[in-house]
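Biologist: I would like to learn how to read a model of this kind, one feature at a time. Please give the general idea and then the case at hand.

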Amino acid sequence: MGPDLVIADVDRAFVDATGRTREELVGLHVRRAFPREADDEGMRNLEESLNRVLATGEPDTMPLQKHLIPGPEGVEERWWAPVNVPVPGADGRIAWIVHQAEDVTPYVTSGPSAVRGDRPGVWRGAHLETAQTLEAKLYARARELQRLNTELRRAHARERQVALTLQRAMLTTPDLDLHGEVAVRYLPATRGLSVGGDWYDVVDLPPDRFALAVGDVVGHGLEAAAAMGMLRSALSAAVRAVGRPAPALEVLGLYAGSLEAALNTTVVQAVVDTGNQVITYSSAGHPPPVLARADGRHDLLDKATDPPLGVQAVPRPQANASYEPGDTLVLYTDGLIERHGEDIDVGLGRLTGALADAARYDAARLADTVLARLGVAAGGPDDIGLVIARL
């Protein structure tokens, strides 16, 4: 079926099991694919499972489900062990969901041969009682497992929402209003139940300078979000005090040494001097900023890169890059460009290509275009932080 849960195709076994023809099933929403006698709770469980697949991008194995299926002698109880598996398209988004259900009725009922054996009636009755008892126990355990799984998912969802709310609150950037040529974006990961520790910041440095930063705390959940908030605040204060990227990162590194959750955090800080048209930058293990030229060319700002926070002591390097009016400075976290099983240079190529194609866009439109061109407009497998400054 597609992401809209409309059936695109079925195999012969599904046709036989549901008592419908292929022509009747293809084009139907999944909730209409089963006979009217189908168990309502089973259908709710199925739709919940399919929605989890769409939300997480991960396969979802369901507990045993009981369905009422028309048979030669009337409605029959059938037990299925379903699994729903996402199939990604070329853009990484879910293109299809494969729903596979194994009929385990013979196992649940101890097998028809055990019930219909040639033993005297007393043995047949004993087997029947055993089968019914086993069926009841399996059904009860399946329901209990489903209840516990539902509670666990809800608890994880609550933690994710708390972490996400905390993170967004800490990403408030008052100085952003002073720089209309700067656009920021944050997108939490679409897979899994925990947010990460990505952040961005914009700091005004009167009279004619401003600082940009992005960072990425290792880990997920409330701990990462809390560490992110502390590091972001510390770096904001440091760059306001010292006014230069490398000394600010040195101060941040010393502070990070007191936070276990801050170990191996990556961050890049850039200070833009609008009077002299110079960018001064320093990086602690972070992917390089991109200086996109107005004519479509680009430079990677990778001349001042040191290991992440907590890995190496001060001092840290910094470098300068000149720019021309109309150029664009782009800072980002690795979730924007990294893809599983792919070299990072491929992702960088996609980013610089998108910047070149949209070189004339304003900062806000360019930010949205970059996210769309890289296939993460609705989020990706990892958190994404993005800062775009039209210079």
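Modeller: Take T265, which sits in the loop between helix 8 and strand 8 (266-273). Helices (H or I, at least four residues) and strands (E, at least two) are DSSP runs, numbered from the N terminus. This is a predicted model, in which local features need pLDDT of at least 70 and side-chain atom pairs count only at pLDDT 80 or more, while totals for chains, interfaces and linings use all residues. Residues are numbered from 1 along each chain as its sequence is written, and side-chain values use heavy atoms, with hydrogens and water left out.

Biologist: Is T265 buried or exposed?

Modeller: Buried means under 20% relative accessible area, exposed over 50%, and partly exposed in between (1.4 Å probe, protein chains only). T265 counts as buried because its relative accessibility is 0%.

Biologist: Which residues does T265 touch?

Modeller: Contact means heavy atoms within 4.5 Å. Not counting residues up to four places away in sequence, T265 touches W199, D216, V217, V218, L231, A284, P308 and L309.

Biologist: How do helix 7 and helix 8 pack?

Modeller: Axes are lines fitted to C-alpha atoms, for helices over the stretch in contact, and angles run from 0 to 180 degrees between N-to-C directions. Helix 7 (residues 221-242) packs against helix 8 (residues 245-256) at an angle of about 145°, with the axes 8 Å apart. Helix 7 supplies M230, L231, A234, L235, A238, V239 and V242 to the contact, and helix 8 supplies P247, A248, L249, V251, L252, Y255 and A256.

Biologist: How many residues of each class are in the contact of helix 7 with helix 8?

Modeller: Ala, Val, Leu, Ile, Met, Phe, Trp, Tyr, Cys and Pro count as nonpolar, Asp, Glu, Lys and Arg as charged, and the others, Gly among them, as polar. The contact has 14 nonpolar residues, no polar and no charged ones.

Biologist: What is in the largest nonpolar core?

Modeller: In soluble globular proteins, nonpolar side chains tend to be buried together. A nonpolar core is a set of buried Ala, Val, Leu, Ile, Met, Phe, Trp, Tyr and Cys residues joined through side-chain atoms within 4.5 Å. The largest here has 48 residues, and L212, I279, L329 and L391 have the most contacts inside it. Helix 7 gives the most to this core, with seven residues. Apart from it lies another core of 23 residues, including V290, Y332, A354 and L371.

Biologist: Which residues are in contact with L391?

Modeller: Leaving aside neighbours within four places in sequence, L391 is in contact with F210, V272, I279, L291, Y323, P325, G326, D327 and L329.

Biologist: How many helices and strands are in the chain?

Modeller: The chain has ten helices and 15 strands, and buried residues make up 46% of its 391 residues.
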